[in-house]
Amino acid sequence: MFVLLSEIANAEVVGTAVDRKELVHQSTRLSPDVVVAGTSLVLPDGLPALSRLPEAVSGNTVMAAERDTDELLSAALAAGVHGYVPLSSPREDFDAAIQAVAAGGGFLPTHVTRRLVRNFHLVPRRTDRPAELELLSEREQQVLLLVGDGRSNREIARTLRVSEATVKSHVSRVLAKLELRDRVHAAQLVWRLGLGSPSLLPQT
């Protein structure tokens with residue numbers, strides 16, 4: 001992992017850790033912008049129901065997952081990571097994750113976001129309109145569900161037949177109105193509310 005991180009532009013490795021105790025110590029001492037941790041550091045006891053990251057690292061951790069499973073993804077998010085990138089992902093995903101988390105946001109690769117939403121099929125689908133949607137225009141609702149479906153700005157622009165700049169503007173307004181930090185939290189909101197396919201929203 002050290003070699004991988006050392007190859008990322010504008011990233012400097014300032015410390016390493018082999019266990020949770022050392023992770024907290026190094027994070028407290030060095031105050032890194034981002035902590036990139038393997039599965040064993042984020043989830044040292046396997047897959048407990050509640051395994052929150054220590055406060056010293058809970059706000060800026062990217063988990064580099066040796067295995068990519070639904071259980072690991074769910075446990076990592078429950079633990080409080082702000083980024084999740086399988087080790088099999090391209091280097092560009094690690095670069096994007098580090099930049100996003102360093103800027104106070106979050107990151108999931110597109111295919112992981114889509115799986116996150118689609119595999120929460122046990123969440124009851126709502127027949128009423130969640131109050132959160134009333135805060136958004138119809139177009140903003142469409143954008144929210146497309147973000148929740150793991151679409152990139154370019155993909156959303158193609159779907160809605162608008163420019164990427166327009167999509168970025170819509171995404172910013174959605175996050176502001178719903179008081180969400182980033183696209184990861186928007187995707188979590190979509191499945192938490194039990195929302196379905198973007199096609200269920202009215203077209204404009």
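This is a predicted model: local features need pLDDT of at least 70, side-chain atom pairs count only at pLDDT 80 or more; totals for chains, interfaces and linings use all residues.
Colleague: Which element gives the most residues to the largest nonpolar core?

Modeller: The largest nonpolar core has 23 residues. Elements that give two or more residues to this core include β1 (35–38), β2 (61–65), α6 and α10. With six residues, the element that gives the most is α4.

Colleague: Which residues does Val81 touch, not counting residues up to four places away in sequence?

Modeller: Val81 is among the residues with the most contacts inside the largest nonpolar core, as are Val42 and Met63. Leaving out residues up to four places away in sequence, Val81 touches Val42, Leu53, Thr61, Met63 and Ala76.

Colleague: How many residues are in the second, separate core?

Modeller: This core includes Leu136, Ala157, Val174 and Leu175. Its residue count is 20.

Colleague: How do the lining residues of the second largest pocket divide into nonpolar, polar and charged?

Modeller: The second largest pocket has a volume of about 430 Å³, and 21 residues line it. Gly106, Phe107, Leu108, Arg183 and Val184 lie nearest its centre. Elements giving two or more residues to the lining are α5 (91–102), α6 (110–118) and α10 (183–192). The lining divides into nine nonpolar, seven polar and five charged residues.

Technical notes:
Residues are numbered from 1 along each chain as its sequence is written. Side-chain values use heavy atoms; hydrogens and water are left out. On a 1 Å grid over the protein atoms alone, a cavity is a set of points where a 1.4 Å probe fits but cannot get out, and a pocket is an open set with protein on both sides within 12 Å along at least five of seven lines; lining residues have an atom within 4 Å of a point. Grid points are joined across faces, edges and corners, and a volume is the space filled by probe spheres set on the points. Helices (H or I, at least four residues) and strands (E, at least two) are DSSP runs, numbered from the N terminus. Ala, Val, Leu, Ile, Met, Phe, Trp, Tyr, Cys and Pro count as nonpolar, Asp, Glu, Lys and Arg as charged, and the others, Gly among them, as polar. A nonpolar core is a set of buried Ala, Val, Leu, Ile, Met, Phe, Trp, Tyr and Cys residues joined through side-chain atoms within 4.5 Å. Buried means under 20% relative accessible area, exposed over 50%, partly exposed in between (1.4 Å probe, protein chains only). Contact means heavy atoms within 4.5 Å.
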